[in-house]
Each structure stands twice: as C-alpha cells, then as structure tokens.
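Colleague: I've got a model open and I'd like to learn how to read it. Could you walk me through it?

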Amino acid sequence: MNLPPELVSNGLTCRTIAQQSSAYLDDALPAVMKLRMACHLSTCQDCRRYVRQISLVRVALGTLPKCQPSSVKRRALRERFSSRYTH
Amino acid sequence: MNTVAITNTGFVGHAHSKVDGSHTAVLPNTDQALLARLRAGEEKAFDELVNKHHSALIRMAMGYVADREVAEEVVQDTWMAVIENLSRFEGRSSLRTWIFGILIHKAKDRGIREKRHTTFSAFESCEDDNEEILDPSRFQQTGERAGHWAIPPQPWDDQTPEKLLASQETVNAMNNAIDALPRTLKEVLILRDVEGADVKEVCALLNITETNLYVRLHRARERVRAEIESFLGKA
C-alpha cells in the first residue's frame, strides 16, 4: 500500500506539526526539528494551510484596532504628567 | 507569585550582572530616547506612550478583574504610578516590561480585593497547560493515519491580515476570542502578539519558561484561529 508522503518522510504527525507551529514560526525550535517540520510541510498541504493561518493570526493580532482612554481620563493623565514634569 | 515592584527594584530581563553584584542598565535605544523626552516633560511623548500600550493594558487587566470599568480604573492607576515613578525608573528592564509589571501588580491586588480570586497560585501555572492544544477529534485516532488530519483546517487561503482586519465582524470575532481566553493564555498572547514583546521579556515578566510560553501562546493563537475559521465558515 502506498502511504502519503507526509507519513513516510520523517515520522512527524500533523498533530505534532500543528502543536509546534508557533515555535516554528518564531524560529524557536532546534535545527533538526525545524528541518523535519520543513520537510513535512513541503509535502502536506493541510499542515501548510494550518501554519499559514496561525501566521496570519499572529500578524493580524499585532494590528488590531486599539482603544484609548476616555477624554476625561486622558485629561487627568496629562494634568498629572504636566504638574510632575513641567519645570 | 510574580510581582514587579513599582520602584523597579525587581530585576527583569535585559540588564547584565556585574561581578560585584550590581547591574548595568541596558535599555533599548528607542526607550532611552522616549525616556529622555518624558523626563523633559514632553506631553506628546507621554501621549505616545499611552497610545502605544493602553489597549493591551486594558486587555491584560480584564484577566484579573470583574469588568471593563474596573479594568479602566486599574489601568488609570497604572498610568498614574508610571508618571509618579518615571524619575526613579532605572532602566533595568524595558519600559514596557516595567509598565506591564506595575499593571499586573495592581490588577492582582484589585482582583484579590474584589475576591474574584482567593488565591492566584491555583491559577498561575497549570491552567490548561495539560490539555490538548487542538480538538483531538480533528486528527485520526487510529490506523496508519493516526495523528494526521481527520478534519483539516478550512481553506481561507485568500485571506490576508489586511482583509481580516477590514471586516468588523472578523475583528469582533478575534476580540471575542481574546476576551474568552483564560488569563494565563490571554497575558501571553497580549504581550507577545498584540504588544510584540520578545520571548525573553514575556518569560521574565510572567515568570514562566520558554516551553510554557509556547504551549500557552499556541493554545491562544489556535483559539483565535478557530474563532476566525468558525466565523468564515458561517459567512
């Protein structure tokens, strides 16, 4: 029986790839593991898709719209800052 | 318990120990420039600092206290403490680490006072850490394909961060996913992905190992991803 390439290439399962994908994207894995993951990803479209989605989430989180203090709270902060540091 | 003193006596992260036991401050250049402007009383510099971190501070505080209103009070108190103590900030950590350390300290105190959490130790280290990161049913359980996808991720290959953020519904889905995270996952996600803090900075601030960080970080990212997947699947 012919197994899919991802099963025979390096012994990593898709579950392992998914679990390690954040460390992989942060380049935080040992070189050997990184290489094994890259090998798996080169043959497994579903894992490529998953890692890409985690990467996309990571980038999107960094650019989410930000909230700011209310005008009343902002004014109070500015007043305190000015009284403390304006010489 | 991890607490960071407002006076920055807690040694966090980026400084180097000398043989005599003292520490040299190694503050990023951007922090040094900002700190100089702040200490010179430049209001615009303070506004920049608030604009940069306020949103993430609110999200962090929400992990410790009952509601948004209380979180805003805690963050306001944090900013006031930052103003009061800027002159004593010694640069033993980044400004961000120092500010978030103050926030965590104040939010924990407020949370305890509200009796929402009687002890933090029960929540600190093991919350969720031993659970599966992904729903196990998404993978084959038995046979030659055990451990490989049974329900693969839904394709949203045409999505980009810009497209995701252009849709208010998707932004809401992401915000809801963040709000629903347990505190230990939320604080890692906020510091690392929302704030962009480096791994060593996050580990030092939260007093966790790099291994713990990646377990929590990936669990948090996966929950946000799953929320987007669910939303896009319905759309």
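**Domains, chains and helices**

Modeller: Let's start with chain B, which is divided into domain 1 (16-121) and domain 2 (125-141 + 158-234). Keep in mind that this is a predicted model.

Colleague: How many residues of domain 1 of chain B are in contact with domain 2 of chain B?

Modeller: There are 11 on the domain 1 side, facing 13 residues of domain 2 of chain B. On the domain 1 side, the elements giving two or more residues are helix 2 (43-61) and helix 4 (95-113) of chain B. Helix 4 of chain B supplies the largest share of that side, with 4 residues.

Colleague: And what classes do the residues on that side of domain 1 of chain B fall into?

Modeller: You'll find 5 nonpolar, 4 polar and 2 charged residues there, on the side of domain 1 of chain B that touches domain 2.

Colleague: Now the two chains. How many residues does each one bring to the contact?

Modeller: Chain B puts in 44 residues and chain A 42. On the chain B side, the elements giving two or more residues are helix 2, helix 3 (68-85), helix 6 (161-166), helix 7 (168-179), helix 8 (183-194) and helix 10 (210-234). By class, that side of chain B has 26 nonpolar, 10 polar and 8 charged residues.

Colleague: For contacts in chain A between residues at least 6 apart in sequence, what share joins residues at least 24 apart?

Modeller: That share is 68% in chain A.

Colleague: Let's zoom in on a helix pair. At what angle do helix 2 and helix 3 of chain A pack?

Modeller: Helix 2 (residues 14-25) and helix 3 (residues 31-43) of chain A pack at about 120°, and their axes are 11 Å apart. Angles from 65 to 115 degrees count as roughly perpendicular and those over 145 as roughly antiparallel, so helix 2 of chain A is oblique to helix 3 of chain A. The crossing of these two helices of chain A is left-handed.

Colleague: Which residues meet where helix 2 and helix 3 of chain A come together?

Modeller: From helix 2 of chain A, look for A:Ile17, A:Gln20 and A:Tyr24; they meet A:Lys34, A:Met37 and A:His40 in helix 3 of chain A. The residues of this helix contact in chain A divide into 3 nonpolar, 2 polar and 1 charged.

Definitions and conventions
Residues are numbered from 1 along each chain as its sequence is written. Chains are lettered from A and ligands numbered from 1 in the order in which they are written. This is a predicted model: local features need pLDDT of at least 70, side-chain atom pairs count only at pLDDT 80 or more; totals for chains, interfaces and linings use all residues. Domain bounds come from an automatic or database domain assignment. Two residues are in contact if their C-beta atoms, placed from the backbone, lie within 7 Å. Ala, Val, Leu, Ile, Met, Phe, Trp, Tyr, Cys and Pro count as nonpolar, Asp, Glu, Lys and Arg as charged, and the others, Gly among them, as polar. Axes are lines fitted to C-alpha atoms, for helices over the stretch in contact, and angles run from 0 to 180 degrees between N-to-C directions. Angles under 35 degrees count as roughly parallel, over 145 as roughly antiparallel, 65 to 115 as roughly perpendicular and the rest as oblique. A crossing is left-handed if the near helix is turned anticlockwise from the far one by less than a right angle, and right-handed if clockwise.
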